[in-house]
Amino acid sequence: MLITLRSTSTGVVATDLDDDGAVGVVTTLDPVGLAAWVAARELEHPRWVWNDTSRWYPPLLAAGVRVERCIDLRLCHVILRNSASSVTSEIAGAAPDDWDRPARTAAVASDALFDLEPLPDDDDPVAEYLRQRAAVAGVPRLGLLLAAESVGALVAAEMRFAGLPWDVGVHDELLTDILGPRVAGGRPEKLEALAAKLRELLDAPTLNLDSQQDLLKALQNAGFRVESTSKWEIKEIDHPAVEPLLEYKTLSRLLSANGWHWLEEWVHDGRFRPVYVPGGVVTGRWASDGGGALQLPRQVRSAVIPDPGWKFVVADASQLEPRVLAAMSGDRAMALAGQAADMYQGMVSSGAVETRSQAKFGMLGAIYGGTTGESGRMKPRIEKAFPAAMAYVEAAARAGEHGDVVSTWLGRSSPPGEGLGYDEIATEAQKRRTQQRAAAWGRFTRNFVVQGTAAEWALCWMGSLRPRLWELPGSTLVDKPHLVFFLHDELIVHTPAELAPDVETAMRDAAAEAGRLLFGPVPVEWAVSVATVDRYSDAK
């Protein structure tokens, strides 16, 4: 059973659909009673169909209502609009419409009241669902991708609602220890001391270290041929200012990204609640639209502390992208290496390389297109040991270089590239620039098929873990073990201490199920390292 929800000027219209998409009962609801109505219908285990999970789900969570399944029409529309697997569908061929507009993020949607104002982008969900159903007909992988994307949207809303436990006092102590006491309207003492030292070393008494333009000018005036103030360029300079400058940049980044101002803005009532954006990156990886959840530095992770009597269970998928590549390509030798808990060590045991470091650099070079250094040196050996896997990413790279679209395992497609074409009258310099752009795009598509499929695996991992956690003891979402953090291939569950062993088992079982959902019974071990800890910083 499916139930669509749509806001109108008079209330909320709920439409029952059967499994074939036929319209059944249509109910007009007062938003005041919507949460109770949804809770009652949830007992029938429907799949809710709405335009934006980030619009509909936060108010339901605030009212104590958790839903089991949904279809996020806007997230799914983006996939179908661009997928090579649905290129002949009505959605792919139609002119852009309201469904192509960005979703309203959870930062905008109300957590307490449903917005009755009918929005321009709130088109008929029944009609859009039927278009999407037609687009995925006969393409089961694409249907799995839409389901995974939608459950990811539910997880994102639930994680923001629950929040990541955060100790403000510990965070303040960390900042004071690293930066010095907070100074209103100025730099902490350690940053100010470094700034004074750098002005002296660079003979620039008025230098503003926080201005990239001023810093670049000061470095150039000091005789250094640098084109930016990046750490990579600065490290190449032989000068006493290098070490304090790198330290200043590190401390300044901590102050601006996770300093006292960040703490006041994003941590309330002992919880950090960032804004996750599912599918926010072209590969399908998540992004963050506030709070910087995907870039929590190690310096502040010791402030991430569970509630009294609770634990964190932290799980990290080991060498996820190489395992995904082994499964996608059907490379038997690589799959055999992937049966080891440490896949890189498995490659050593297979005789492909001598050391774990060689295996790691060789695989990163294969996936990201590295041709220099250790990655380039290992490339011939990796190609010889794992020919099917290397042929898979090479084919993706060649497709990108020619401007063709490539797709992930489930069917998310890349944007088209420019290709190698150029006018007959193009100069040699123009031809070289075209070739360089094509090669760069080939490196992107090479990585796209692997990174994007790894993102799909992670969605299925969360989608499999979520119901397992719900089956554990507890009455509400935050009383039970629940997800509180996600970073590409890492999950954190906040759990009552006595349930931590059950959560660890659920983490591993969900990882294995994610592999089966995507690839079936392939001989690849979906290894995850799992740790039960008293603070996030203890996990690694």
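Which residues of α18 are buried? In the predicted model examined here, local features were considered at pLDDT of at least 70 and side-chain atom pairs at pLDDT 80 or more, whereas totals for chains, interfaces and linings use all residues. Residues are numbered from 1 along each chain as its sequence is written, and side-chain values rest on heavy atoms, with hydrogens and water left out.

In α18, the buried residues are A389, M390, V393, E394, A396, A397, A399, G400 and E401, where buried denotes under 20% relative accessible area, exposed over 50% and partly exposed the range in between, with a 1.4 Å probe and protein chains only. The cover over these buried residues includes α13 (320-329), α14 (332-337), α16 (356-368), α17 (373-385) and α19 (428-470). Helices (H or I, at least four residues) and strands (E, at least two) are DSSP runs numbered from the N terminus. After α18 comes G403, which has a positive phi near 85°.

At the level of the whole protein chain, 20 helices and 14 strands are assigned. The radius of gyration is 26 Å, which agrees with the value near 24 Å that a compact globule of 540 residues would have; the radius is taken over C-alpha atoms, and the globule rule is 2.2 Å times the number of residues to the power 0.38. Along the principal axes, the C-alpha atoms of the protein chain fill a box of roughly 75 × 60 × 50 Å. Of the 540 residues in the protein chain, 53% are buried. Contacts, defined by heavy atoms within 4.5 Å, join residues at least 24 apart in 66% of the cases in which the partners are at least 6 apart in sequence. The mean positions of the 54 positive and 72 negative charges are 5 Å apart; Lys and Arg count as positive and Asp and Glu as negative, while His and the chain ends are not counted, and each charge is placed at NZ of Lys, CZ of Arg, CG of Asp or CD of Glu.

Most residues other than glycine have a negative phi. D203, although not a glycine, has a positive phi of about 55°; D203 is located in the loop between α8 (189-201) and α9 (212-221) and, at 65% relative accessibility, counts as exposed. H488, likewise not a glycine, has a positive phi of about 65°; H488 lies in the loop between β12 (482-487) and β13 (490-496) and is partly exposed at 25% relative accessibility.

Helix α11 (residues 242-258) contains L254, and N258 is also found in α11. L254 is buried, with a relative accessible area of 3%, and N258 is buried with a relative accessible area of 3%. Neighbours within four places in sequence being set aside, L254 is in contact with L175, I178, G259, P297, Q299 and V300, while N258, counted without residues up to four places away, touches H171, L175, R253, Q295, L296, P297 and V300.

Within strand β11 (residues 310-317) lies V313, which is buried with a relative accessible area of 0%. Beyond its neighbours within four places in sequence, V313 is in contact with L491, I492, V493, T495, A500, V503, E504, M507, V530, A531 and T532. V313 and L73, in turn, are 240 residues apart in sequence and 32 Å apart in space, C-alpha to C-alpha.

In helix α1 (residues 34-42), E42 counts as buried at 11% relative accessibility. The C-alpha atoms of E42 and V67 are separated by 6.6 Å and lie 25 residues apart along the chain, and, neighbours within four places in sequence left aside, the contacts of E42 are W48, R66, V67 and E68. T371, found in the loop between α16 and α17, is exposed with a relative accessible area of 59%.
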